[in-house]
Amino acid sequence: MIMKLDLSPYRADIQVLIADIGSDEIIYAKDACKVVRSASLIKVGIMCCVFDEVQKGTLSLEQKLLVKKERILPDTAYFEDGERRYSLLELVIWMIINSDNTATNVLIDILGFAKINAYFKKIGVADTSLERYMLDQKAMLAGKDNYTSQNDMYKLFRMIFQNRILNTDLCDLSISILKRQRSKDLLLRYISDDVCFAHKTGELDHLRHDVGVIKINDRYYYIGVSVYDKDHIDTDLRIIGKIGKMIYDQLKNMD
């Protein structure tokens, strides 16, 4: 099963990977090994690292963690009431479903950069690295950033869906959280069908990502698209949407 995509109308820098989760067949790939700025895609790996510690017993989903006043970022939609305690699970949920950066930074504080990066190395996502906190402008000016590739994101999602990265309960929990993703304006932008898509989005100026596993005709496919448009700050939204519609229509009509 091989797919053809005409990406010639788009002048942006685009990476795409489409694969059958069950068979591990690569259906389409374009620059999937290219290492790019991860934006919020890194949060999927952080979630798995948190759950790995839960599996080991060093952390608990129910334990309460203090979100300090000085840790609350101005872009948060959930921590406006100021300093208080939240469960570990609640912080993970907010980090994923609405990409909350305050929750993410608190979880990075709990784990530490060294542990997170060692975890990425252990599970074999060699292109993925965490160098800075979310919205850390000083670190960005110093040349630090977070990175990944479509290949790594595919590996990560496939391990989650095949229960190979955590125990079954924690893999199922990861999938259920990813299915609750509230950003629907990228790969799903022009798809009118009611689809089941466990995914994570990410964005920076001129850059958009959307990656995850979609169910079509009782089969599960990884779809990952990254678009960097250096000339326009928001056209990557529509480009990913148009690419997503092309991919979905072809997968829906495949035997």
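Predicted model: local features only at pLDDT ≥ 70, side-chain atom pairs only at ≥ 80, totals over all residues.
Q: How much space lies in the largest pocket?
A: About 620 Å³.

Q: Which residues are closest to its centre?
A: Ser 40, Ser 99, Asn 101, Glu 203 and Leu 204 are the closest, out of 35 residues that line the largest pocket.

Q: And which elements give two or more residues to that lining?
A: Helix H5 (137-141) and strand E7 (196-204) do. E7 gives the most, with five residues.

Q: What's the lining like by class?
A: The largest pocket is lined by eleven nonpolar, twelve polar and twelve charged residues.

Q: OK, switching to H6. How far does it reach from first C-alpha to last?
A: H6 reaches 16 Å with its twelve residues, and that is close to the 16 Å expected at 1.5 Å a residue.

Q: Is H6 mostly covered or mostly open?
A: Mostly covered, with ten of the twelve residues in H6 buried.

Q: Which ones are buried in H6?
A: Gln 150, Asp 152, Met 153, Tyr 154, Leu 156, Phe 157, Arg 158, Met 159, Ile 160 and Phe 161. So charged side chains such as Asp 152 and Arg 158 are on the buried list too.

Q: What happens just after H6?
A: Asn 163 takes a positive phi there, about 55°.

Q: And where is Leu 166 found?
A: In the loop between helix H6 (150-161) and helix H7 (168-179).

Q: Buried or exposed, that Leu 166?
A: Leu 166 is buried, because its relative accessibility is 6% and the cut-off for buried is under 20%.

Q: What is Leu 166 in contact with, leaving aside neighbours within four places in sequence?
A: Cys 48, Phe 51, Asp 52, Gln 55, Cys 171 and Ser 174. Asp 52 is 114 residues apart from Leu 166 along the chain, yet their C-alpha atoms are separated by 6.5 Å.

Q: How exposed is Asp 31?
A: Asp 31 is partly exposed, with a relative accessible area of 40%.

Q: What about Asp 218, what's its phi?
A: Asp 218 has a positive phi of about 65°, although it is not a glycine. The residue sits in the loop between strand E8 (207-216) and strand E9 (219-228).

Q: Buried or exposed for Asp 218?
A: Exposed, because its relative accessible area is 65% and exposed means over 50%.

Key:
Residues numbered from 1 in each chain as written. Heavy atoms only, no water. Helix = DSSP H or I, 4+ residues; strand = E, 2+ residues; numbered from the N terminus. Buried < 20%, exposed > 50% of the residue type's maximum accessible area, 1.4 Å probe, protein only. Contact = heavy atoms within 4.5 Å. Expected span 1.5 Å × (residues − 1). 1 Å grid on protein atoms, 1.4 Å probe; cavity = no way out; pocket = protein on both sides within 12 Å on 5 of 7 lines; lining within 4 Å. Points joined across faces, edges and corners; volume = space filled by probe spheres on them.
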